[in-house]
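The following note was prepared for a colleague who will go through the model with the coordinates open.

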Amino acid sequence: SLVGTPTNVSEPAFEFLLSSILHWVEQECRRGQSSKKDASINNENQKNNVNTNQQEENEGQSQGEDQSQDEAQKLEQEAMIAEHAAAKMERLGYDVGYRLVERLAQSKSMTPPSSANKPPTASVIQLEAVKFICKEFWMEIFRKQIDKLQTNHRGVFVLKDSEFKWLKRLPGDVEVARVMAIKILAFPCGLIRGALANLGIVAVVSCDFLADGKSICASSFNVKVKA
C-alpha cells in the first residue's frame with residue numbers, strides 16, 4: 001500500500017453512507033406496506049362486487065370520525081414501517097459484525113488461561129468475548145473503546161458509550177430525531193449480535209439512549225446471552 005494512504009473511511013462519508021442505507025431500507029419497507037395495502041383494497045373491492053345489493057352500514061358516521069380513523073391508521077402504518085426498518089437495519093448490522101469479527105479475531109484467543117488444569121467456565125469465556133467487543137472490535141469501527149462495561153456474571157452485559165458517534169449530529173429535543181436514533185442504533189445492535197454469534201455466543205442485543213434535551217448520543221447496549 002502507498003505510504004500515507006488513509007485506511008479508514010472518514011466519519012462524514014460513513015455517516016452519509018449510513019443515512020443512505022437507512023433511507024433505502026425505509027423506502028423498501030414503505031413499498032412493502034403499500035403492496036399489502038393495495039392487496040387489501042383489491043380484496044375489499046372484490047367483496048363489494050359480490051355483494052352489490054348490500055347497503056352501506058356506516059352511512060351515519062360523521063366526517064370527523066372518518067378522519068380520526070384515517071389518522072390512526074396512518075400512525076399505525078408509520079409505526080410498522082419504523083419497526084420493520086429497524087429490524088432490517090439490525091440484520092444488516094448482524095452480517096457486517098459477523099464478517100468483521102472473523103478478520104479481527106484471527107490471532108486472538110477468546111479462551112483465557114486456566115488455572116489448576118481446570119477449563120474456564122462459560123461465564124468467563126463470555127466475559128472475554130464481550131471484552132474483545134468493547135476494545136478491539138469497537139476501536140476498529142468507532143476509533144474508541146466502550147466507555148464502561150457492566151455485568152452480573154450470569155450472562156447479562158451492559159456496554160455504555162457516553163458519546164456514540166452516529167448520534168452526535170441529532171438534536172436531543174426533537175421527537176423525529178429520537179425515532180431516527182432508534183433505527184440507527186439497530187445497526188450497532190446487529191453488529192454486536194453478529195460478532196458474538198461468530199465467537200460462538202448466541203445473544204439478544206437491545207439498546208437505550210439518554211435524551212437530556214440537548215443530546216441523545218449517550219447510549220447503552222444491553223446484551224443477554226441465551227442459555
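**Notes on the model**

1. R143 is partly exposed, because its relative accessibility is 40% (buried means under 20% relative accessible area, exposed over 50%, partly exposed in between, with a 1.4 Å probe and protein chains only). The model is predicted: local features need pLDDT of at least 70 and side-chain atom pairs count only at pLDDT 80 or more, whereas totals for chains, interfaces and linings use all residues. Residues are numbered from 1 along each chain as its sequence is written, and side-chain values use heavy atoms, with hydrogens and water left out.

2. Two backbone angles deserve attention. Most residues other than glycine have a negative phi. R143, although not a glycine, has a positive phi of about 60°; this residue is found in the loop between helix 3 (122–142) and strand 1 (148–151). Helices (H or I, at least four residues) and strands (E, at least two) are DSSP runs, numbered from the N terminus. H153 is also not a glycine, and its phi is positive, near 60°. H153 belongs to the loop between strand 1 and strand 2 (156–161) and counts as exposed, at 54% relative accessibility.

3. The sheet is open and has 4 strands in the order 1-2-4-3, with antiparallel pairing (two strands pair if DSSP finds at least two bridges between them). Strand 1 and strand 3 (203–210) stand at the edges; each has a single partner strand, so one side of each lacks a neighbour in the sheet. On average, neighbouring strands are turned by 20° against each other, direction ignored. Axes are lines fitted to C-alpha atoms, for helices over the stretch in contact, and angles run from 0 to 180 degrees between N-to-C directions.

4. Strand 2 and strand 4 (residues 218–225) run antiparallel and are joined by 6 bridges. V158 has N222 in strand 4 as its bridge partner. Helix 3 packs on the sheet and touches strand 1, strand 2 and strand 4, with its direction at about 15° to that of strand 2; contact means heavy atoms within 4.5 Å. Helix 4 (residues 175–198) also packs on the sheet, touching strand 2, strand 3 and strand 4, and its direction makes about 145° with that of strand 3.

5. How many disulfides does the structure hold? The number is 0, a disulfide being a pair of cysteine sulfur atoms within 2.5 Å. C189 is in no disulfide, and the nearest cysteine sulfur, that of C207, is 3.7 Å away. C189 is buried at 3% relative accessibility, and C134 is buried at 6%.

6. K165 lies in the loop between strand 2 and helix 4. Is K165 buried or exposed? K165 counts as buried, because its relative accessibility is 17%. Residues up to four places away in sequence aside, K165 touches E11, E15, F142 and R143.

7. The whole structure contains 9 aromatic pairs (rings of Phe, Tyr and Trp, its six-membered ring, pair if their centres lie within 6.5 Å; planes under 30 degrees apart count as stacked, over 60 as edge-to-face and the rest as tilted). The ring centres of F164 and F221 are 5.7 Å apart and the planes stand at 65°, so this pair is edge-to-face. The pair links distant parts of the chain, 57 residues apart: F164 is in the loop between strand 2 and helix 4, and F221 is in strand 4. F164 is buried at 0% relative accessibility, and F221 is buried at 0%. W138, F142, F164, W166, F187 and F221 form one aromatic cluster.
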